[in-house]
Amino acid sequence: MHVLIVEDEKKMAELLKKGLEEENHSVSLAFDGRDALELAQALEYDAIVLDLMLPGIDGYEVARRLRKGGNKTPILVLTARDTVPDVVKGLDLGADDYMTKPFSFEEFLARLRSVSRRGSADRPTVLQVGDLILNPATHVVTRHGEEISLSRTEFRLLEFLMRRAGRVIPRNTIVHSVWDSNDDVEENTLDAFISLLRSKVDRDHKVKLIQTIRGTGYTIREGGKAS
Ligand code: CA
């Protein structure tokens, strides 16, 4: 998953980021509401983890503006305030679930998986394109029933494309979403990973799922012409 964490306590934010990255997710951080809104509008996330008490634009306002602007990304609220009215207010503004601090990382992961599934698009538990199946929870990928072994980055890239199956994703969007901003991403890194993925996912199959859209980017879909 590609997750946006909005949290002004930097230690907490870094801790969650590290934990999620160890679980193969890619993470962006925003330390205040303004950055959160900018990132959420510029990039596409599978889930947003939102602290309520933020400097400037607070978490309630972030949730309200996102929903008002039509952004339906699932939101998991993190809050130190465990009083019922606060939580209800957060949910009323469009959050999908909430957790009160402190919490265990395991519970956090479980809730995050659950809100990302519950997202407005009714996200399935496994992603499927043709006979290619990716299970985000177990990290198992199969094509025609046969397991495919992928590196961390290959998995992230494939998951990112499969969550947006059928849509053409611009190169820049893919690079910014799959790789961390501090990673060294060279001009041809994406192409190199796409060709690795193709060799594992498509090479031995008649139907090629990963498609190049010249001058734009990539898409994964069934029944497109191979290029
Ligand atoms: Ca805070």
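**Exercise 1.** How far apart are the mean positions of the positive and negative charges of the chain?

*Solution.* The model is a predicted one. The chain carries 33 positive and 37 negative charges. The mean position of the positive charges and that of the negative charges are 5 Å apart.

**Exercise 2.** Determine whether the radius of gyration of the chain agrees with that of a compact globule.

*Solution.* Begin with the chain length, which is 227 residues. The chain contains eight helices and twelve strands.

**Exercise 3.** Identify the protein donors of the calcium ion and locate Asp-8 and Asp-51 in the chain.

*Solution.* First, list the donors: Asp-8 (OD), Asp-51 (OD) and Met-53 (O), at 2.1 to 2.3 Å from the calcium ion. Second, write their spacing in sequence, which is D-x42-D-x1-M. Third, assign the two aspartates: Asp-8 lies in the loop between strand S1 (2-6) and helix H1 (10-22), whereas Asp-51 belongs to strand S3 (residues 47-51). The pair is 43 residues apart and links distant parts of the chain.

**Exercise 4.** Classify Asp-8 and Asp-51 as buried, partly exposed or exposed.

*Solution.* The cut-off for buried is under 20% relative accessible area, and for exposed over 50%. Asp-8 has 28% relative accessibility and therefore counts as partly exposed. Asp-51 has 2% and therefore counts as buried.

Key. Residues numbered from 1 in each chain as written. Predicted model: local features only at pLDDT ≥ 70, side-chain atom pairs only at ≥ 80, totals over all residues. Heavy atoms only, no water. Helix = DSSP H or I, 4+ residues; strand = E, 2+ residues; numbered from the N terminus. Rg over C-alpha atoms; globule rule 2.2 N^0.38 Å. Lys, Arg positive; Asp, Glu negative; His and termini not counted. Charge placed at Lys NZ, Arg CZ, Asp CG, Glu CD. Donors = N, O, S within 2.8 Å, 3.2 Å for Na, K, Ca; no water. Buried < 20%, exposed > 50% of the residue type's maximum accessible area, 1.4 Å probe, protein only.
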